[in-house]
Amino acid sequence: MPRQILTEMKEWAALKKHYGEIKDVTLKSMFESDGRRAGKFTVDCCGLHVDYSKNRITEHTVSLLIGLAEACGLKDEIERMFRGEKINATEGRPVLHTALRNIDGGPVMVDGHDVMPGVRAVLGRMREFSDSVRNGVWKGYTGRPIKNIINIGIGGSDLGPCMVTEALKFYSQRDLRSFFISNVDGTQIVETLQGLDPEETLFIVASKTFTTQETMTNAATARQWIVDALSSDKAVPFHFVALSTNLDEVKKFGISDENKFEFWDWVGGRYSLTSAIGLSIMISIGYDNFISLLKGFQEMDNHFRTAPFEGNIPVILALLGVWYNNFFGCETYAVLPYDQYLHRFPAYLQQGDMESSGKCVDRSGRRVNYQTGPIVWGEPGTNGQHAFYQLMHQGTKLIPADLIGFARSLNETGDHHRKLMANLFAQAEAFAFGRDDAEARAAGVAPDLLPYKVFEGNRPTTVILAERLTPAVLGKLIAMYEHKFFTQGIIWDIYSFDQWGVELGKELAGRILPELGPGGTSDLKHDDSTNRLIDFFRRYQ
C-alpha cells in the first residue's frame, strides 16, 4: 500500500506552520535567550562531538522533526535494512554494506543464508594478498617486488578507495605508492603511468561486471603497457588482480582465479569500500588498520540502529537536512573538513548523497511535489575560505554547512594546527552571528563602507569534532553520512540504493561511439544539435 504523500502528512503541516513562526528568528537571539543552548544541541558519542546548536532550530523544531521521522516509519525501515530485507526494490536486492563491517557480530541472513562466513573468507584472502605485497613476497613477472599500486575503477570503485587511501595516508607504508585511474579520458592513464616502472607496478581492476566501459578501456590500455614493456602476455597474471563477480571475463583478460576477489550484489558501489573494493586501501594501510576502519564503521552502525532519535547522530544530521532543504528552500549544503587528509571527502560525499537522494519519483512510482537530494560540495579549510566563503557569508543564498575538525593533528608542526582550528571555530561563529552595523562602527569601519562590511549572520553550521583522524574515526564519519542519506531517503519516500539516472547517457554513448570512428555512418539520426556536434568532431579525425 502506498505511503501517505509526504506533504499531506499532519507532521509535515505542523513543521510548515512552525517554520512560519521561526524563519525570522536569529541565532544571535536564540543564544542570548538561552545560555545553555549548546549543551542541549550537542551529542557526544562514538568518539565524536557533534555540536548542532548553531542551527536555526529550537527544541520544538527537533521534536517536530523526530515526529516526522517516526511517522515515516524510520525505526522499522532501519531494521529492515539491517535484517537483509530487499529494500532496494527496483533491483530486487538487500542492502547490506553493514554486513561487511559486522566483523565481531552475529549471523546476517540473506534468503536464509548467513553471508558472514563469505565476508570473513574474502577478508582473509585480502589479508593474505595485501601482506604478500607489503612484505615484498609478491613479485612481478621479472622477480622484482611491487612498488606502485594502481586501482582502476570508476564511481564507487574509485571514489571510496581513493578518498580513504588519501585520508589515511599517515598510516600508509611509504615505500608503496597508490594511484587511482577512473576517467576514460586517456590523459589520466597516460599521465599516471609516466615515469613508473612496469616491473614494479600492480593493477587492481575493480568492476563487478568486468564490462564497465571506462574501467575496461583503461584496463586494456594498462594491459598493453605491461605486455609491451615485458614482452609477454604471460606477465599479465603477475601484474593484475580483479575485483569482480564475472569469472569468465576475468579469465579472458588473463587474470588467474586465485587473483580474483569477489563481492556481492547486495553491496552498492558507493557503499563498497569495506568490501574487496577496499583492497587498495588494505595494501596501503595494512590489515590491522583496515580492521580498525571496519570497527569504526561498526560502532556507528550500532549507534544508528539502537540510539533514540533525539541522540542519534545520523538521524539528527538527516533531519537538519530535511529542515533546510524542504522548509528553508536550501538547494545545497557544504562539507568543509579542516584537515588536509580529508581533501577528497566532499567529493566522496557528493556521490553518496547525490546518487542516493537524486530522485524525483517516490517508492510508489509517484512524482514527488517536494525537493529531495541537495547539491553537495566543499573543499578543505582554510583553502575554501579564500574561495567560496565570501558567497556563504554575504551572498544571497543560504548554505548550511558541516565543519569537521580534530583536536590533535597527525603532523604537529609549529602552531599550524592551532591556527587551523582557530579558523574553524571562528568561521562557525561568524556564520552564526555575523557583525551588525553597531559592531562594525565600533570596529572602526568608515560609514561609507558599512554596507559592505556588515555580515547578517544567521547562517547555520554543524561542527563535528574528534580527538584525531584515525582509521576508526574515519569509519565512523563515513558511516555517519551513509546513514544520514538513508534516513533522508526514508523521509522523502525514495529508493536510496539504485541509480538508474546514470544509465541513459551510457546507452546513448553506446549508440554514438560507432559514429565517431572510421567508417562511421554519414546518416546521423539524432537531433540537429547532436548531429552538428558529431560532424564537428569528425572533421578533425
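This is a predicted model: local features need pLDDT of at least 70, side-chain atom pairs count only at pLDDT 80 or more; totals for chains, interfaces and linings use all residues.

**Pockets, cavities and a few residues**

The largest pocket in this structure has a volume of about 1,100 Å³. Let me say how that is defined: on a 1 Å grid over the protein atoms alone, a pocket is an open set of points with protein on both sides within 12 Å along at least five of seven lines, a cavity is a set of points where a 1.4 Å probe fits but cannot get out, and lining residues have an atom within 4 Å of a point. Grid points are joined across faces, edges and corners, and a volume is the space filled by probe spheres set on the points.

Residues are numbered from 1 along each chain as its sequence is written, and side-chain values use heavy atoms, with hydrogens and water left out.

Which residues lie nearest the centre of the largest pocket? They are Thr 212, Gln 499, Val 502, Glu 503 and Lys 506, out of a lining of 41 residues. By class, that lining has 13 nonpolar, 18 polar and 10 charged residues, where Ala, Val, Leu, Ile, Met, Phe, Trp, Tyr, Cys and Pro count as nonpolar, Asp, Glu, Lys and Arg as charged, and the others, Gly among them, as polar. At least two lining residues each are supplied by helix H8 (156–167), helix H10 (213–230), helix H16 (345–357) and helix H22 (503–516); helices (H or I, at least four residues) and strands (E, at least two) are DSSP runs, numbered from the N terminus.

The second largest pocket holds about 340 Å³ of space. It is lined by 15 residues, and Asp 339, Gln 340, Ser 409, His 417 and Leu 420 are the closest to its centre. In this lining, four residues are nonpolar, nine are polar and two are charged.

The largest cavity contains about 180 Å³ of space, and among its 19 lining residues Leu 320, Gly 321, Tyr 324, Tyr 333 and Pro 400 lie nearest the centre. Which helix gives the most to this lining? That is H15, with five residues. The lining of the largest cavity divides into 10 nonpolar, seven polar and two charged residues.

The second largest cavity has a volume of about 80 Å³, and its lining includes Glu 77, Arg 363, Phe 486 and Tyr 495. Helix H21 supplies the largest share of that lining, three residues.

Glu 77 leads us to helix H5 (residues 74–83), where Leu 74, Glu 77, Ile 78, Glu 79, Met 81 and Phe 82 are buried, and buried means under 20% relative accessible area, exposed over 50%, and partly exposed in between (1.4 Å probe, protein chains only). These buried residues of H5 pack against helix H4 (59–71), H6, helix H14 (287–306), H15 and H21. Arg 83 is also found in H5, but because its relative accessibility is 43%, Arg 83 counts as partly exposed. Leaving aside neighbours within four places in sequence, Arg 83 is in contact with Met 109 and Arg 305, contact meaning heavy atoms within 4.5 Å. After H5 comes Gly 84, whose phi is positive, near 85°.

Finally, the chain as a whole: its secondary structure comes to 23 helices and 13 strands, and buried residues make up 53% of the 541 residues. The C-alpha trace spans about 75 × 60 × 60 Å along its principal axes.
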